[in-house]
Amino acid sequence: MLVININGPINAGKSTVCKMLAKRLPNCLFVEVDELLSDEEQDALKLDFMGGIKERLHRLDQLIETEKKRQIYQVILFAYPMEENNYRLWKRFEDDQTQFINITLSPSLQVCLTNRGHRELTAWEQGRIQQMYQENYHCPQGSDLIIDNTNQTPDQTVEEIIKFLKKSL
């Protein structure tokens with residue numbers, strides 16, 4: 001089994017690429033991490049922003065552990081901005097039957113700060129994107145592949161990932 005994270009700052013194209021990639025990978029489960037906990041549920045649990053993040057990641061961990069035991073999927077794919085401590089946590093999923101791969105999308109800061117597709121960035125998101133670049137979310141240690149997708153279409157990015165996966169497996 002492969003467990004693949006598509007990493008990168010906000011608005012790097014992670015979800016778009018994941019949705020397209022999930023259609024191309026055999027027997028793939030795409031997990032939308034943000035949907036693992038609704039805003040209403042977060043409010044009911046009285047979780048602040050960081051508490052919501054921790055709960056979503058906890059639920060992701062549980063889901064991956066469950067799917068490893070069930071052995072139904074060949075690939076579990078998710079999109080999440082990875083910090084170094086997340087990398088260490090997710091590497092623990094590796095065993096003789098499971099490999100964790102982290103692929104980082106790294107468009108230029110200027111591209112990340114622009115409205116793309118149907119998404120209109122809020123002032124908070126723009127500030128967070130700048131902070132994420134300062135914190136090296138676009139080029140973290142622990143990436144198996146970093147893709148500068150500044151001038152790529154999502155299709156081109158998916159093709160690059162597919163080629164990488166074929167070579168690395």
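**Side-chain contacts and burial in the predicted model**

Arg92 and Glu65 form a salt bridge, with their closest N and O atoms 3.5 Å apart. This pair links distant parts of the chain, since Arg92 is in the loop between H4 and strand E4 (99-105) and Glu65 is in helix H3, 27 residues apart. The model is a predicted one. Arg92 counts as partly exposed because its relative accessibility is 42%, and Glu65, at 30% relative accessibility, also counts as partly exposed. Arg92 has a further contact: it lies over the face of Phe93, at 4.8 Å from the ring centre.

In the whole structure, eleven salt bridges are found. One of them joins the side chains of Glu55 and Arg59, with an N to O distance of 2.7 Å. Both residues belong to helix H3, where they are four residues apart, about one turn of the helix. An α-helix has 3.6 residues a turn, so residues three or four places apart point the same way. Another salt bridge is formed by Glu94 and Lys91, whose closest N and O atoms are 3.1 Å apart. Glu94 has a relative accessibility of 31% and therefore counts as partly exposed; Lys91 is partly exposed as well, with a relative accessible area of 26%. Salt bridges that share partners also join Glu41, Glu55 and Arg59 into one network.

Aromatic contacts were examined next. The structure holds five aromatic pairs. In one of them, the ring centres of Phe78 and Trp90 are 5.0 Å apart and the planes stand at 75°, so the pair is edge-to-face; the cut-off for this class is an angle over 60 degrees. Phe78 lies in strand E3 (residues 75-79) and Trp90 in helix H4 (residues 84-91), so the pair ties together parts that are twelve residues apart in sequence. Phe78 and Trp90 are both buried. Both also belong to a cluster in which ring pairs link Phe78, Tyr80, Tyr87, Trp90 and Phe100.

Helix H1 (residues 14-24) has Lys14, Val17, Cys18, Leu21 and Ala22 as its buried residues. Seen down the axis of H1, these buried residues fall within an arc of 135°, so they line one face of the helix.

Met50 is placed in helix H3 (residues 49-70). With a relative accessibility of 46%, Met50 counts as partly exposed, because that class lies between the limits of 20% and 50%.

Positive phi values in residues other than glycine were also noted. Asn11 has a phi near 70° and is not a glycine. The place of Asn11 is in the loop between strand E1 (2-7) and H1. Its relative accessibility is 7%, so Asn11 counts as buried. Lys46, which is not a glycine either, has a positive phi of about 60°. Lys46 is found in the loop between helix H2 (39-44) and H3. At 76% relative accessibility, Lys46 counts as exposed.

Conventions
Residues are numbered from 1 along each chain as its sequence is written. This is a predicted model: local features need pLDDT of at least 70, side-chain atom pairs count only at pLDDT 80 or more; totals for chains, interfaces and linings use all residues. Side-chain values use heavy atoms; hydrogens and water are left out. Helices (H or I, at least four residues) and strands (E, at least two) are DSSP runs, numbered from the N terminus. Buried means under 20% relative accessible area, exposed over 50%, partly exposed in between (1.4 Å probe, protein chains only). Rings of Phe, Tyr and Trp (its six-membered ring) pair if their centres lie within 6.5 Å; planes under 30 degrees apart count as stacked, over 60 as edge-to-face and the rest as tilted. A charge sits over a ring if NZ of Lys or CZ of Arg is within 6 Å of the ring centre and within 35 degrees of the ring normal. The arc is that of the directions from the helix axis to the C-beta atoms. A salt bridge is a side-chain nitrogen of Lys or Arg within 4 Å of a carboxyl oxygen of Asp or Glu.
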